[in-house]
Every structure is written in structure tokens, then in C-alpha cells.
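Please look through the following structure with an eye to how individual side chains are placed. The explanation below starts from one residue, widens to the whole chain and then returns to a second residue.

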Amino acid sequence: MRIRWKFVWLCSLVLLIQFIVSNMYLYSQSADLVRKQGAELVGKYVSQSSGSIQNELTNVVASANTLVFNETLQQYLRKYAVRYFEYEKANIDFQFDCVQIIRTLLSQTGNIEEVQVHLEENIFTLSRSTYSNNNKVNLDAFNEITASPRTNIGWHVQDQDGVWKVFYRVPLSGSGKTSGIRGWVDLIIRPEVVFRSVTDAVSASDRVELFVTDKAGGTIYSNRNMPDNRFVIRSRHVMALPEPGEISIQKGQSEVVMAKTDRIPGTDWLLLARIPNESFRLDSISYIRTSLFILFVPLVLLATIILFLTDYILRPLKQLVTVMSSINQSNVTPQIVTNSLDEFGLLANRFNKMMGRIDEQILIIKETEQLKREAEMGAFQSQIRQHFLYNTLALISWNARKEKASETERISNLFARYYRLALGKGETYITLEHEMELMQHYLEIQRYRFVDQLKFEIRVEAQIGGYRVIRNLLQPLVENAVEHGVLSKERGELQVVVREDEDFLIIQITDDGVGADPEIVLRINEGRSFEGETGFSLNSIKKTLHSYYGTDAVFEFRSIAGIGTTVTLKLLKTRIDGNRSQKT
């Protein structure tokens, strides 16, 4: 995939992530806002309709009080109570005295459909156009109602032949001067007038359903047609009536709805407002569809801009790629010609410098290869001289034996074995046993050289079989102890001890020579050179030790002027284990 397309995908991914995060936030905020607007909507209609209904009901109550306290009706009721006329003739007197008064009231209010006056032997029923008298009174029901008039005063709903009648009841026993009469007046209202705010106030676009219900959830009036079941809970318009003044979100008939109730003052009725799911919840599918469409347009625009810009920006880089591709096809070192001062111009200049350095390195490598071939030839010639040296030492040993010079024979044999171990076959590593043998041959030769001046002791207190160390690791340390320690005095002793602990193999070389000043001891332990270093310096031995065995290896130099010197090597056993693979 080309870099420009990678850049397009990267930017698109960043834009997509930003889009998802921002849309999740916007969706959450929008959902909260829509839910809040839904709550305000149901709250508004509940408040408006409740206030309008309360006013209408108050007017009906005022009309009821006006009627029962009317003087003409009061006189008729007093006559009725004292049997001023026979009950059979009460109808005639009622028509003559009271009908006109009630019809005047009906024509003035407009919210009362019918008035019923319930007396002990008569029920007078009046509407705007009809009048009737029923003298067949259910005395059991009459006595039950009049026995507790105060509990029956107020608003009632009654099912009469499948039609719900809504009426306001006023007892006659406590009205004016008729306290001795038994009976009551029912003012049956016109629901479409009293509850007209339920239908008239709701806008069709708001999709708000309003219900005036009793405390059991029976619908008294609604702006929704309910022919089958008048109970809002049984018909699953709501699962439960919310507490007055509270808003709840619950399952309806086929969707989730938001509902709120409010108590209608002066009654035990509730005004219920309900809105469907789409009025207070976002349509997530439509929201996602719209969001994806909105995302598609900037993505296409972004991809077009990026393709154009990357083609313009990466043009110098393409030139660089072309030049680099021609490296294997030409013997001439390629160069990029550019006058640009931007990053690509800087890159081109660095490339030209790099190619110049590569040319220089190629020349150096060629010269190094030439030197390597010359060194290999020198090593070959050195091997020839090495064989000549072995043969010469063997000749000296044979002549010494012939001439019965045993000491000369022993020295030549020691030197031959020493030289063979020291040179070997060019391996980097040697067994610790051979390294100890090499060191012992060196000390034996030195003791022949300095007869009574040098004494040495080699003590091995550990199992050293299987350990391998770098060749000639110990001999330079022993040589340094002999040359700079013991031989600086008339005579001296040297001790080599090999021991071990749980993790390390420890080699100590101790002499009782002249020792060293504290300044020299400090420089050696810090790895710094000092004046007077010759031959194999201790500093170079320390560097060699760390280069082969890392920082796990310990080189410790302790010396006291006039007393002697101790050099301690600590080698990690796992690093010198001969069973591990070691490169030679």
C-alpha cells in the first residue's frame, strides 16, 4: 500500500473516531433534551387542561348552590316536607313553581345537561327540552344515600345503561330552610363542554393523549376514542397511574410512553397526559442514518484533498526513491539535485552526504580486505616459523641429553610445552586446567632464571574440570607479580589460589613484593592508565576481562606499599562453563 493511501486511511480513521465520540456525546445530549421537551410537553397540557377543567367544575358547583338556595325551590321543598299537598299532586306544583327556574339555569350555564331532583316519593328530571316525573322511588337506595348526606356530596360518575353519567350531587337536608327534608339534587354535566380543554387545547402535531380518570383508572373523558375498555390500565395505555405531579416512562399498548398525572381540585379525579415514544425519544436508526450520510461527505472531500496534497508533497520523495532504485543498476554514485530548502531538501542533501560516506567506507573495506589477506599470509608464515621453533627446541633438548646437561634439557622441554600451550592452534578459549599448567611452566622457567630469588605456590581448592577461560588470562598477571613485585626485592614469594563460592570461581594471585602507592591502586581499579605502565598493562587485562565476560566479571587490585599485592578475579561459573557453547 502506498504511503498516500496509508495517509488517507489514517486520517479517515482519526476522523471516524472523532465522529463516533462526538456523535455519542451529541446523541446523549440530544436524547436528554428531547426527553426534557417531552416532560415539558406533558406538563404543559396537564397544567393547562387541569386549570380549565377546574374552572368549569367550579361553575357547575356555583350553579348547584344557586339552584338549591333559590327561594322558590325552597318554598316548594318546605311544602313537600310538610305534605302541604298530596304526593300525587306534587308533580303539578313542581311544574308550576320550579321548572321554569331550572330551565333558566340550564340556558344560562351551557355546561349542565340535566337536573334531577330526588325526593322521597318523586324524581323530577329536567333538561332544556324535556321534563319527567318518576314516582317509583327505590326507597332502600334513597334511605342509604340520605342516611349520610355529607359523604355523598360532590362529584360522581355512574354507568347508566352503558353510558357514563358525570354529575354533581347536593343534599337538600342542609340547604337553607329545608333542613328537615330528605333528598338531593344531581346536576348532570355535559362532558364535551366541561372537559372541552382536553380536546380543544391539544395540537394534532403534539400527539398528546389526555384522560380524565377516576381513582381506579376508569376514563371519564378523553381526546382518544375508547370504545372497548374505558380503563386506562386494563387497556394498557399505561401500566400504572403515576403519582400526581410525577412523570414516569413506562410500557404502553405497543410502545414505551411518557405519562404524567395531576389531581383535579375538588374531586378525586386525575388528569392523565400521555405521549408516545417518538415524542420524547430520538429515533436512533434515523439518527445513525443521517450521521453516516453527514460523515460520508467530509470523508470523500478529505480523501480528495489528501490525495492531491500528498501527490504534491511527496513528489520530491518519489525522486529520492527513483534515485535509490538506480543504485544497483549503475557503478556511478547517484546524487539528487535539488534547490529546495524544506525537509525534503534537507533529506536530499543528507542522502548525498551519506552516499559520499558510503563510497569512503567501500574504499576502507577494500583496503581492510587487502590488509586481512596480508595478515593471513603473515599468519601462515608465522606458523612456518613456529614449527621451525619447535624443531629447534627439540634439537636443543636432544643435544642437552647427549651432552648430559639435564638442567638445560628440562628448561628447553618446559619452554617447548609453555610455547605450545601459549600459542595453541589459534583458539580464543582454553581449559582452566591448561591455563594453570601454562602458568606453572612460566613460573618454573622463571625459577630456573632466578634460582634462590623466587618461591611460588599454586593451590587449587575447587573442582576446575570443565571450565574454559580466554587464553593467556592468568600468565600476564603472574608475570606482572614477578616482574614488578617479587624481583624488585632480593627474594620473594608468590602464591596462586583457586577457590569457589556458590556463583563465582575465584582466582587470587598474591605476592609479598614492594607493593604500590594508593594513587596507582586507585587508578588501576578505576581503569585509568598511569605513568610507568609497560607490557601487558593491568588496565588492558581488565578491559579484556569485561569485554569477554561482561560486567559480571570482577577485577580487584589491592596493594600496600612495602607489604605486597593481591589481584583477585571473580568469574561467573555459568559464563565459563565448558558445557556451554563458546565461540573461539
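Which residues does T146 touch, not counting residues up to four places away in sequence? In this predicted model, they are R182, G183 and W184. T146 itself is found in helix α5, which covers residues 139–147, and T146 counts as buried because its relative accessibility of 17% falls under the 20% limit for that class. Its side chain makes a polar contact of 3.2 Å with the side chain of R182, and the side chain of T146 also reaches the backbone oxygen of F142, at 2.8 Å.

Turning to the chain as a whole, its 584 residues include 38% that are buried, and the chain has 17 helices and 18 strands. Of the contacts between residues at least 6 apart in sequence, 59% join residues at least 24 apart. The chain exposes about 34,500 Å², of which carbon and sulfur atoms supply 54%.

The second residue, D214, is found in a loop, the one between β7 (209–213) and β8 (219–222). With a relative accessible area of 18%, D214 is buried, because the class takes in values under 20%. The side chain of D214 reaches the backbone nitrogen of A216 at 3.1 Å, and a polar atom of that side chain lies 2.7 Å from the backbone nitrogen of G218. When neighbours within four places in sequence are left aside, D214 is in contact with W164, I220, D268 and W269.

Note on methods
Residues numbered from 1 in each chain as written. Predicted model: local features only at pLDDT ≥ 70, side-chain atom pairs only at ≥ 80, totals over all residues. Heavy atoms only, no water. Helix = DSSP H or I, 4+ residues; strand = E, 2+ residues; numbered from the N terminus. Buried < 20%, exposed > 50% of the residue type's maximum accessible area, 1.4 Å probe, protein only. Polar contact = N/O pair within 3.5 Å; in protein donor to acceptor, adjacent residues only side chain to side chain. Contact = heavy atoms within 4.5 Å. Areas by Shrake-Rupley, 256 points an atom, 1.4 Å probe, with all protein chains shown as cover.
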